[in-house]
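Me: Hi! Could you walk me through this one? I'd like to start with the charged side chains and then move on to the nonpolar ones.

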Amino acid sequence: MAKSFRWLFFLLGLLVFSGGISLAINMQHLGVHPWDVLNVAMFDKIGFTVGTWNIVISFILIGVCLILDRRYIKIGTFFNAILVGSFVDIYHWTGILPTATNTWLDIIFMLTGICIMGFGGGMYNAAGVGSGPRDGFMLSLADKLGAPIGRVRILTECCVLVLGLIIGGPVFIFTFVFTFIQSPIFQATYLKLGDFVLKMEYRQNANRKKKHIS
């Protein structure tokens, strides 16, 4: 039962996180996250869908992690790789999210998308069933190089950003402020919801023991 709750929490977090990505991509003329710059660039140049490229790149990173340090790869990492890209495509296919208006409203929508990504990211990580492919890759790289995680994250995202920019991805102001908005929301959500998940798990285990005794 406790594991079922963690997985439900994880899936809900992925759904929320993917919604934030999709909304931000709809406002891509303002700039998107470095990893999404690459996804959108590949979509524009080669085809398929943005979600498909999210999945392809995720599995490439998982492959690298399995070579560098497989301890960060869990079953949830594989579900993350498949579901985030799939959910992004579903959001775009259904058209349920706002699209660009080329007015000041786009800034509001972009900020909302970034906040949703931060909350959703913190939520699915709080479930504790596996890091995302990108997080696992950066953690593995940091361990292998013996470098601070923050420095490796910045270096990695800069390289991804340059690659996406060369290919022709959407880089603008919000590309450079994404992290400063998303990261604090992610951290606060991860810590608060992580405590919530542990409390719920403890409560469920306690109730199960009571039933077993009685």
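Reply: Happy to! Let's start in helix H7, where Arg153 and Glu157 sit four residues apart, about one turn of the helix. Keep in mind that this is a predicted model.

Me: And what do the side chains of Arg153 and Glu157 meet in?

Reply: They form a salt bridge, with an N to O distance of 3.6 Å.

Me: Is Glu157 buried or exposed?

Reply: Glu157 is buried, because its relative accessible area is 7% and the cut-off for buried is under 20%. Arg153 counts as partly exposed, at 32% relative accessibility.

Me: How many salt bridges does a search of the whole structure find?

Reply: Four. One of them joins Asp69 and Arg71, whose closest N and O atoms are 2.8 Å apart.

Me: How accessible are Asp69 and Arg71?

Reply: Asp69 counts as buried, with 16% relative accessibility, whereas Arg71 is exposed at 53%.

Me: Nice. Back to Glu157 for a second, what was its relative accessible area?

Reply: It was 7%, so Glu157 is buried. Elsewhere, salt bridges that share partners tie Asp69, Arg71 and Asp143 into one network.

Me: OK, changing topic to the nonpolar side. Which residues touch the most other members of the largest nonpolar core?

Reply: Phe9, Leu14, Ile21 and Met110 do, in a core of 32 residues. Helices H1 (2–26), H4 (75–94), H5 (105–126) and H8 (173–213) each supply at least two residues of this core.

Me: Which helix gives the largest share?

Reply: H1, with nine residues.

Me: Let's zoom in on Leu14. What is it in contact with, leaving aside neighbours within four places in sequence?

Reply: Leu14 is in contact with Phe79, Asn80, Leu83, Val84, Phe87 and Tyr124. There is also a second, separate core of 13 residues, and Leu38, Met42, Ile57 and Phe137 are among them.

Me: Why would nonpolar side chains be buried together?

Reply: As a general rule, they tend to be buried together in soluble globular proteins.

Me: Great, thanks!

Definitions and conventions: Residues numbered from 1 in each chain as written. Predicted model: local features only at pLDDT ≥ 70, side-chain atom pairs only at ≥ 80, totals over all residues. Heavy atoms only, no water. Buried < 20%, exposed > 50% of the residue type's maximum accessible area, 1.4 Å probe, protein only. Core = buried A, V, L, I, M, F, W, Y, C linked by side-chain atoms within 4.5 Å. Contact = heavy atoms within 4.5 Å.
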